[in-house]
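Please consider the chain shown below. The briefing begins with one residue and its surroundings, then turns to the chain as a whole.

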Amino acid sequence: MAIATSTAAMISAAVALAGAAAGTASAVQQTESRRQQAEYQSKLAARNAQQAEQSAQAAEESARQGRLQGYEAAQAKRQQTAKLISAQRAQTGASGAQTDEGATLDKNLDTAEKGEIDALSAERQGRANAYAQDLRAWNLRNQSATAASNADFLGSRAETDYLGLTGTLLNGASRVGRNFYTIGSRGPLLP
């Protein structure tokens with residue numbers, strides 16, 4: 001029993017249309033799922049950017065504190081050295097010896113030199129700690145910028161994912177049209 005060309009064309013078109021509708025429905029679900037995932041990832045990246053920025057600010061504050069502590073430690077060491085030299089001079093003066101010449105002067109100069117070296121060392125240590133914190137802040141700012149850029153990309157991706165859906169619709173319409181053309185030019189392929 002042969003099927004009429006128009007009936008075959010209608011059945012073929014209906015099957016192609018049903019396939020296009022099912023493909024479109026599936027594409028809509030997939031697109032919505034990808035959009036929701038991209039939005040979630042965008043929010044997560046934005047939160048990571050905010051946390052990295054806060055950590056960078058904390059690292060900068062730690063660097064400021066490190067420089068200040070180094071400076072204060074150096075000043076305290078200089079004051080301690082000055083008191084020690086004053087005590088040495090007072091002790092030498094009380095014994096009746098000359099304080100500004102010979103071995104006494106050498107002892108005072110050695111004490112001053114060692115005290116200044118210790119003060120500079122304390123200040124250098126504070127600056128080194130501050131520099132490490134500055135580097136940490138710089139790295140955190142870079143992480144923040146990368147996360148913010150990623151958040152923007154994912155946010156825009158969530159908005160433009162529906163272009164794939166348009167492709168699915170056009171592909172389905174193309175199949176329906178191809179089926180009509182094939183049946184119209186060759187006739188039904190069923191016996």
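Alanine 74 touches Ala119, Ala122 and Glu123, residues up to four places away in sequence not being counted; contact means heavy atoms within 4.5 Å. This is a predicted model, in which local features need pLDDT of at least 70, side-chain atom pairs count only at pLDDT 80 or more, and totals for chains, interfaces and linings use all residues. Residues are numbered from 1 along each chain as its sequence is written, and side-chain values use heavy atoms, with hydrogens and water left out.

**Alanine 74**
- Alanine 74 lies in helix H1, which covers residues 5–94.
- Alanine 74 counts as buried because its relative accessibility is 0%; buried means under 20% relative accessible area, exposed over 50%, and partly exposed in between, with a 1.4 Å probe and protein chains only.
- A C-alpha separation of 9.9 Å is found between alanine 74 and glutamine 125, which are 51 residues apart along the chain.

**The chain**
- The chain has three helices and zero strands; helices (H or I, at least four residues) and strands (E, at least two) are DSSP runs, numbered from the N terminus.
- Of the 191 residues in the chain, 26% are buried.
- Among contacts between residues at least 6 apart in sequence, 87% join residues at least 24 apart.

**Confidence**
- The average pLDDT of the chain is 79, and 74% of the residues score at least 70; pLDDT is the predictor's confidence in each residue, from 0 to 100.
- Confidence is highest in helix H2 (residues 102–160), at a mean of 86, and lowest in helix H3 (residues 163–186), at 63.
- Where pLDDT is low, predicted coordinates should not be read in detail.
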